[in-house]
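Visitor: I have a structure to get through today. Can you walk me through it?
Guide: Here it is.

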Amino acid sequence: MNTLFKDAPADPSAPASTAAELFSPLVLPNGTVIPNRIEKAAMAESLAGPGQLPDARLARMDGSFARGGVGLIITGNVMIDPLALGSAGDVVLQKGTDLTTFKAWAKAARSHGAQVWMQINHPGRQTMAALGQPGWAPSEVAVDLGRHSNLIAKPKALNEMQIRQIIQRFADTARQAEAAGFTGVEIHAAHGYLISQFLSPLTNLRNDQWGGHIENRARFLLEAVSAVRAAVRRDFCVGVKINSADFQRGGFDADDALEVVKMLNSSGVDLVELSGGSYEAPAMQGQTRDGRTLAREAYFLDFARDISKVAEMPIMTTGGIRRREVAENVLTQGVSIVGIATALAMEPNLPLAWSEGEPKDGVFPAIKFKDKMLASLAHMAVIQRQLQRMGDGQRPLADASAIFSVIRDQLRNKFLARRYRSWSKQQA
Ligand SMILES: Cc1cc2nc3c(=O)[nH]c(=O)nc-3n(C[C@H](O)[C@H](O)[C@H](O)COP(=O)(O)O)c2cc1C
């Protein structure tokens, strides 16, 4: 086993207590041990091959993250329904899907001792119009991206039977992930996707048992967790990613998040990851739409500190973390594990460097677009390009051009959407 995954030996030249903290194991409620406190956060890779199955590049890419020394790898979101994708490059896993390529993916990602969880998701209304599907949502509230709104499909409200079927799909996909060799799943309930839409009073206008006060808005999440937990072994981990807030006026707020975590306390969840925002207010990239300012680094740390006080499971926070000092500071605040996305896509060996005492900081790509929506798109495009390079066995590019990455991304997505539309006709 890699030395990264042992308790760090006392190093006289470094503050031993903090070093031991970041590279010490974390024991989860189900007894699973995460070898250290650094998570590779979920990043949609846009690397589905034909039939929305994992392309071999996913295994190679996660093999690089594994070698780089993270303790927990969470895959980019995998969709639970072939007729509900967020983007055309999304992988789909459902009952009956052939597991061959999923097994190869899990095996490569587990090759260095990290825990490897599949993030499972339903996009709800956040689905691209180019895919030719409605956005199935709690209520018919369209995504507002200003002059870019027509990129997103029109929403349709789900009925009771459809809600039940989607909850069952979360369970079916989790069982398949377990059969493929992943060590857990993370249910995506953040970033404005379907479960987050149920949680938010801005997008959930229902007056049945699925809408209204927070107990009702959280019902979808709790039922999905309970269906997933019942479908898998106890030693298979179940995590949940939620927003600490929507960062939109009148949206899901910090008090709601506290209530949801209290409700999750008795649900058999092994880890809660805190993030924030949605397509409309990309707080996960440090932008808000309610006038609130996020910390410059570790955006959601204040929320995570408060939530840790009521949570009976370990808490992880993701967003804006790229320096070792910041990661260590997060751990001193009652948070058990730090999630890192962008900085690891730019340098997958960051944990290895930190464990060897190298004074190395993670970097974020320089994006200079004034239009916030375009800046957000460009960030995603640059990072996905890095992930795809890793899939091809190449190193990430230190100075990837934002404009080139956006154009490349648009062209790729056009091709992938055409391929998906013809495949999805056979799935209906
Ligand atoms: C290219 C890209 C794809 C992402 N895809 C996902 C995803 O599939 N699921 C998810 O929960 N978050 C996703 N995120 C958000 C990250 O997990 C993370 O919450 C966010 O980037 C903030 O962390 P960071 O500042 O370390 O990048 C994605 C981020 C990027 C850059």
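Visitor: What follows H4, and is its phi positive or negative?
Guide: Gly-181 comes after H4, and its phi is positive, near 105 degrees. Helices here are DSSP runs of H or I with at least four residues, strands are runs of E with at least two, and both are numbered from the N terminus. This is a predicted model, where local features need pLDDT of at least 70, side-chain atom pairs count only at pLDDT 80 or more, and totals for chains, interfaces and linings use all residues. Residues are numbered from 1 along each chain as its sequence is written, and side-chain values use heavy atoms, with hydrogens and water left out.

Visitor: What caps the N-terminal end of H4?
Guide: Asn-159 does, with a side-chain oxygen 3.1 Å from the backbone nitrogen of Met-161.

Visitor: Now the ligand. Which residues come nearest?
Guide: Ala-42, Ala-44, Gln-119, Gly-320 and Thr-342, out of 23 residues around the ligand (a residue counts if one of its heavy atoms lies within 4 Å).

Visitor: Which helix gives the most to that shell?
Guide: Helix H13, residues 372-391, with 4 residues.

Visitor: What does the ligand's nitrogen atom sit 2.7 Å from?
Guide: A polar backbone atom of Ala-44.

Visitor: And which side chain has a polar atom 3.0 Å from a ligand oxygen?
Guide: That of His-188. Taken alone, the ligand exposes 610 Å², and the protein buries 96% of that (accessible areas by the Shrake-Rupley method with a 1.4 Å probe; for residues, only the protein chains shown count as cover).

Terms used. A polar contact is a pair of N or O atoms within 3.5 Å; within protein, one must be able to donate a hydrogen and the other to accept it, and residues adjacent in sequence count only if both atoms are side-chain atoms.
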